[in-house]
Amino acid sequence: MKNRIYNLIPTFIFLILFLGFFVGLSCVMGLQNMLGTFMQTAYHLLLETVLYIMAICVMTGAISKLFVEYGVVKLLEKALRPLMKPIFNLPGVASLGAIMTFLSDNPAIITLSKDKSFARYFKRYQLVSLTNFGTAFGMGLVVLCVMLGFGYGSGALIGIIGATFGCIISTRLMQRFSLKAYPELDTPAIGQFDEDIMKAAAEEDKRHSHQGAFLKTINAILDGGKDGVGIGVAIIPGVLVISTIVMMLTFGPANADSYSGVAYEGVPFIPWLAGKIDFIFQWLFGFEHPELVAFPITSLGAVGAALGLVPGFIAKGIIDNNVIAVFTAMGMCWSGYLSTHTAMLDSMGYRHLIGKAILAHTIGGLCAGIFAHWLYVLAAMVF
């Protein structure tokens with residue numbers, strides 16, 4: 001009997017939170033307005049944000065595939081290789097992981113880690129830290145292009161520097177945590193993974209090597225664009241569900257004190273909560289408006305969903321280059337790590353290190369945002 005009651009506790013907690021969210025909103029907004037806003041916000045996000053981000057994903061996917069096909073990625077990897085050991089305590093080939101995740105998404109690092117020709121350069125604790133290293137650059141090109149599309153170039157570039165700083169913190173901490181808890185990880189990583197992916201990639205390269213330049217270019221564009229569509233489709237649930245919920249807890253009524261059930265209305269619970277300690281966010285990140293905290297919170301689960309919040313902030317006139325710098329840094333560094341770290345480490349065979357990876361990356365993302373803010377302040381003073 002006690003076990004049955006104990007098993008029902010998560011159910012009761014879920015029902016309390018679920019009903020508390022919808023009943024709480026409907027009490028303030030009215031049931032009809034609340035349901036209308038819920039659906040209208042999701043619909044507008046689909047048309048105005050998801051399709052825009054998907055278009056960027058398709059274009060960047062095609063460009064990144066061309067970079068791979070014509071050796072630009074290998075050239076960049078060779079140029080960045082000397083920086084890996086002194087900065088990240090990783091072998092030079094790890095730079096390829098940063099480039100691939102920057103051009104695509106976090107899970108790209110899994111493919112590399114399972115390639116024996118890649119893994120043989122690493123010790124096991126270094127290979128595990130690739131989860132943190134690669135995640136810090138995940139969807140970087142998409143985030144950068146979206147921010148540039150909104151017209152905040154300088155802030156976005158400073159944000160990339162901030163994300164790199166957060167990556168250093170996260171990667172080094174993960175290595176330290178792993179070695180301290182499991183000293184046996186200080187051994188070569190070779191022999192830990194299958195060769196299936198490597199063989200498939202070799203066959204794919206062999207197939208493409210016999211194509212002419214025209215066919216190679218066309219295939220790269222089409223394959224890369226198709227990959228971009230996949231990423232664009234994958235972010236739809238996060239953008240629609242997470243962003244809609246966050247927005248309804250961030251923005252107030254569209255018309256003064258009355259609700260009308262239109263998109264982007266809600267009850268400003270997150271700004272109220274953040275307002276209690278807004279001096280912390282103002283000093284750490286330079287946020288003048290507490291509702292801006294919604295972006296990094298959403299980035300914990302999905303950076304694509306977090307990007308869906310930006311147009312609403314722009315419409316309210318609370319965005320500047322400093323905010324974009326912090327958004328870019330934290331969005332790139334975190335890039336939905338709460339939803340990917342578990343699957344990534346599990347697929348690599350290190351499920352027992354999930355907690356340490358999440359802790360290290362949480363610290364790294366916060367450091368990324370703080371560094372981006374103060375770097376922007378310094379740049380504003382100099383220039």
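Predicted model: local features only at pLDDT ≥ 70, side-chain atom pairs only at ≥ 80, totals over all residues.
Two rings of Phe, Tyr or Trp count as an aromatic pair if their centres lie within 6.5 Å. Phe251, Phe281, Phe285, Phe287, Phe295, Phe313 and Phe327 form one aromatic cluster. Across the whole structure, a search returns 16 aromatic pairs. One of them joins phenylalanine 251 to phenylalanine 313, with 5.8 Å from centre to centre and 75° between the ring planes. Because planes over 60 degrees apart count as edge-to-face, this pair is classed as edge-to-face. Phenylalanine 251 sits in the loop between α12 (236-248) and α13 (269-275), while phenylalanine 313 belongs to helix α17 (residues 310-315), so the pair ties together parts of the chain that are 62 residues apart in sequence. Both partners fall under the 20% limit for burial: phenylalanine 251 has a relative accessible area of 5%, and phenylalanine 313 has a relative accessibility of 0%. A further ring, that of tyrosine 70, has a charged neighbour, as lysine 216 lies over its face at 5.7 Å from the ring centre.

Helix packing comes next. Two packed helices are described by the angle between their axes and by the distance between those axes. Phe327, already met as a member of the aromatic cluster, also takes part in the contact between α8 and α18. The axes of helix α8 (residues 140-149) and helix α18 (residues 321-334) come within 10 Å and cross at roughly 165°. Angles over 145 degrees count as roughly antiparallel, and α8 and α18 are therefore roughly antiparallel to each other. Their crossing is right-handed. On the α8 side the contact is made by Gly140, Val143 and Met147, and on the α18 side by Ile324, Phe327, Thr328 and Met332.

Helix α18 has another packing partner in helix α20 (residues 354-382), with the two axes 8 Å apart and at an angle of about 155°. This angle makes α18 and α20 roughly antiparallel to each other as well, and their crossing is right-handed. From α18, the residues in contact are Asn321, Asn322, Ala325, Val326, Ala329, Met330, Cys333 and Trp334. They meet a set of α20 residues that includes His361, Gly364, Gly365, Ala368, Gly369, Ala372 and Tyr376.

The packing of helix α4 (residues 94-103) against helix α7 (residues 124-135) has another geometry, with axes that come within 9 Å and cross at roughly 40°. The helices α4 and α7 are therefore oblique to each other, and α4 passes α7 in a right-handed crossing. Ala94, Gly97, Ala98 and Thr101 of α4 make the contact with Leu130, Phe133 and Gly134 of α7.

Asparagine 89 lies in the loop between α3 (72-88) and α4, and has a positive phi of about 55° although it is not a glycine. Methionine 139 is placed in the loop between α7 and α8, and its phi is likewise positive, near 55°, in a residue other than glycine. Asparagine 89 counts as buried at 14% relative accessibility, and methionine 139 counts as buried at 4%.

Isoleucine 161 is found in helix α9 and counts as partly exposed, at 43% relative accessibility. Leaving aside residues up to four places away in sequence, isoleucine 161 touches Phe371 and Leu375. Proline 183 occupies the loop between α9 (153-181) and α10 (196-209). At a relative accessible area of 53%, proline 183 is exposed. Its C-alpha is 14 Å from that of leucine 127, a residue 56 positions apart from it in sequence. Lysine 116 is in helix α6 (residues 116-119) and is partly exposed, with a relative accessible area of 23%. Lysine 116 and histidine 341 are 225 residues apart in sequence, and their C-alpha atoms are 21 Å apart in space.

Technical notes:
Residues numbered from 1 in each chain as written. Heavy atoms only, no water. Helix = DSSP H or I, 4+ residues; strand = E, 2+ residues; numbered from the N terminus. Buried < 20%, exposed > 50% of the residue type's maximum accessible area, 1.4 Å probe, protein only. Phe/Tyr/Trp six-rings, centres within 6.5 Å; stacked < 30°, edge-to-face > 60°. Lys NZ or Arg CZ within 6 Å of the ring centre and 35° of its normal. Axes fitted to C-alpha atoms, helices over the stretch in contact; angles between N-to-C directions. Parallel < 35°, antiparallel > 145°, perpendicular 65-115°, else oblique. Left-handed = near helix turned anticlockwise from the far one by under 90°. Contact = heavy atoms within 4.5 Å.
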